[in-house]
Amino acid sequence: MSLLLNGLSGLSASQKVLEVASQNIANLNTPGYTRQDAVLMSRGGGNDRLSAGNGVEVTAIRRIADDYRVATLWRASSQFGYDDRMQTLVQQVEGIVGSDELSVNKGLDTLFAAFNAATEAPQSIATRQQILASASALADRFNQLAHNLDIQQRQIDEQAVAMTATINSQTASIARLNERIADVQARGGNTAQLQDQRDLAIKELAGHMELRTQAFPDGRVNVTLSSGQPLVLGNKSATLDFSGGTLSLELEGQNFPVDQPGGEMGALLTYRDVTLADIRGRLDTQAQDLADQINNQLAAGFDLNGNPGAALFQYDPASPSGTLELNPAITPEELAFIGDDGSGNPVGGSGDNSNLLDVVALKTGFYDNFSGLVGDIAIGSAQAQAQADASQSLLHDAQNQRDSVSGVNQDEEAIRLMTFTQAYQANAKVISTADQVFNTLLGMF
């Protein structure tokens, strides 16, 4: 009987191995699939010293996964999510601030060309009107830049709201998978497919936020932010909230503030609160300095009527670049091009341009300020692109490292199919031989 039982056990084991190999091959291109392996063990012969054994059995179907490599892949996903989103945002603002249509320097060119033209005939109303028109157009450039920066900020908040909903869906899915895995494992079932689904969900979540995980013997995995706030505890998931421009988590009645979540969400907040805020602050400073310096210099001179100069620009100090505008009350005659003789009186008549020349001398500083801003953004954009490229390469390497252990190798599975097909046929031959032996024995009586 041992001959027959050994053959039957070998036949059954070979069939199970072939089933596992066919499952691997079927999922060759399935995202997140982890290959499986049938664990074979020889059955001993018990206390009979003359027994060769009782065949073979499949003791388990093993999921081939390296937790360290999987965790490395998740961390790489978080870093790439952060760097790629940051690179996209910086490129967008580079396109805004560096565009010819909104270039402050081009507006300065036009304004100071009008100032220079007026030095030849400072009393000319036509040239003075051109200065007012150019000043208004320059203010519009500042306004449009500020408006576009405001639009980008609103878009960032909208993206954060949408991403919050996605994250909440993902954490809820992971919690449900935790519950199903624990239940199936407790009943002795195969949880491989459920674990694959959970790993894929965690990887997607890691792209949005930087994570840490902790596995438990019952199959559950707890997920937290890198700073410790809980996202998934067993079969319970936290609710992420984005309101008032800030993030927070709520789980089981407890609230947790979230300052820097990492991943794509972290890039959105860091860009909005640091990069974009710095750009807007520098643009506000430039608009304010332009208005103040030109207004102060004009105030030091006299207009065509011999009166102290009026302001060319005005703005709201709360948002200089967004509110900069031509002084609506100023007239061409009120542009103060005539200089002060040092005693509070005009230097000369309407043809004097000494104060106008002092206005023209302010030009270089304004150019340097805006050129510096554009240059810094361009440098930041190049650095962000380089960092995103490096992160993408690291993510690719991490994926390859994970797949080298957990991915399906078509050649290996083909060899396994051939090997165990032959083993199946050999065990069938053993069964056939056992049948012949048994029939021979029966024929002896």
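Arg85, Leu89, Gln92, Val93, Ile96 and Val97 in helix H2 meet Leu145, Asn148, Leu149, Gln152, Ile156, Gln159 and Met163 in helix H4, where contact means heavy atoms within 4.5 Å. This is a predicted model, in which local features need pLDDT of at least 70 and side-chain atom pairs count only at pLDDT 80 or more, while totals for chains, interfaces and linings use all residues. Residues are numbered from 1 along each chain as its sequence is written, and side-chain values use heavy atoms, with hydrogens and water left out.

Q: Are H2 and H4 roughly parallel or roughly antiparallel to each other?
A: Helix H2 (residues 67-97) and helix H4 (residues 125-186) have axes 10 Å apart and pack at an angle of about 160 degrees. Axes are lines fitted to C-alpha atoms over the stretch in contact, and angles run from 0 to 180 degrees between N-to-C directions. Angles under 35 degrees count as roughly parallel, over 145 as roughly antiparallel, 65 to 115 as roughly perpendicular and the rest as oblique. The pair is therefore roughly antiparallel.

Q: How many salt bridges does the model have?
A: Side chains of opposite charge can pair when their charged atoms come close. The rule used here asks for a side-chain nitrogen of Lys or Arg within 4 Å of a carboxyl oxygen of Asp or Glu. By this rule, the count is 17.

Q: How many residues apart in sequence are the parts that Asp196 and Arg63 tie together?
A: Asp196 and Arg63 form a salt bridge, with their closest N and O atoms 3.0 Å apart. Asp196 lies in helix H5 (residues 192-208) and Arg63 in strand E2 (residues 56-63), so the pair ties together parts separated in sequence by 133 residues. Helices (H or I, at least four residues) and strands (E, at least two) are DSSP runs, numbered from the N terminus.

Q: Is Glu413 buried or exposed?
A: Glu413 forms a salt bridge with Arg416, the closest N and O atoms being 3.5 Å apart. Salt bridges that share partners join Asp37, Arg62, Glu413 and Arg416 into one network. Buried means under 20% relative accessible area, exposed over 50%, and partly exposed in between (1.4 Å probe, protein chains only). With a relative accessible area of 0%, Glu413 is buried.

Q: Where does Glu252 lie?
A: Glu252 has a positive phi of about 55 degrees although it is not a glycine. At 60% relative accessibility, Glu252 counts as exposed. Its place is the loop between strand E8 (246-251) and strand E9 (254-258).
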